[in-house]
Amino acid sequence: MPDMSRERAQTAELEEFCRSEHVRLVGLLALHVGDVGTAEELAQDAFARVCEHWPRVSKMANRRAWLNRVAINLANSWFRRKGAERRARTRHGPDIDVPCEADSADALAVREAVASLPRRQRTALVLRYFEDLSVAQASEVMGCAEGTVKALTHHAIRALRDQAGLLDTTIDLGEAAHAH
């Protein structure tokens with residue numbers, strides 16, 4: 001009986017962790033990849049990994065950092081696949097475009113601007129300003145030095161400020177991540 005009770009407690013803890021992190025993770029990924037639908041799929045994949053590795057993850061001091069790392073790695077893999085698809089389309093012709101949901105103009109402008117950044121700058125910016133991680137925490141998630149995170153963030157902010165459409169707009173990463 002004690003094993004069954006412990007198993008139920010672990011299942012409840014896992015469910016609560018996933019429930020409490022879902023909206024935040026989808027928002028982070030939406031900014032990172034520039035699309036809410038893709039972000040939801042990537043978050044689902046990240047949570048599947050959490051479930052798969054829960055016995056180990058549940059003992060970690062910072063479960064959120066592990067989840068962020070997995071999610072960013074999944075997003076990076078998605079970017080690589082998209083690049084391969086783009087190269088294949090260039091060689092073999094375009095596919096039929098699928099229409100997407102309309103977002104607010106501000107949310108689209110911010111997401112588009114963030115998406116235009118180089119991948120590592122985008123990752124650093126999203127982790128620092130959407131996820132509100134410290135430089136040290138972001139460097140842990142990204143697997144790089146703190147100075148690298150600082151430099152990437154600085155360059156990302158400068159690039160966003162230089163974009164004409166964003167000079168007159170207040171950048172709200174939270175709104176851009178969660179708008180549909």
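Analyst: Contact means heavy atoms within 4.5 Å. This is a predicted model, in which local features need pLDDT of at least 70 and side-chain atom pairs count only at pLDDT 80 or more, while totals for chains, interfaces and linings use all residues. Residues are numbered from 1 along each chain as its sequence is written, and side-chain values use heavy atoms, with hydrogens and water left out.

User: Which residues is Arg128 in contact with, leaving aside its neighbours within four places in sequence?

Analyst: Arg128 is in contact with Leu133, Ser134, Val135, Ala138, Val149 and Thr153, those neighbours being left aside. Arg128 itself has its place in helix H6, residues 119–130; helices are DSSP runs of H or I with at least four residues, numbered from the N terminus.

User: Why is Asn68 called buried?

Analyst: Buried means under 20% relative accessible area, with a 1.4 Å probe and protein chains only. Asn68 has 0% relative accessibility and therefore counts as buried. Asn68 lies in helix H4, residues 63–92, and touches Arg24, Leu25, Leu28, Glu131, Leu133 and Val141, not counting residues up to four places away in sequence.

User: What is the nearest side chain of opposite charge to Arg128, and how far away is it?

Analyst: That side chain is Asp132, 5.8 Å away. A salt bridge requires a side-chain nitrogen of Lys or Arg within 4 Å of a carboxyl oxygen of Asp or Glu; Lys and Arg count as positive and Asp and Glu as negative, while His and the chain ends are not counted. Arg128 is buried yet has no salt bridge.

User: How many of the residues of the chain count as buried?

Analyst: Of its 180 residues, 39% count as buried.

Technical notes. Helices (H or I, at least four residues) and strands (E, at least two) are DSSP runs, numbered from the N terminus. Buried means under 20% relative accessible area, exposed over 50%, partly exposed in between (1.4 Å probe, protein chains only).
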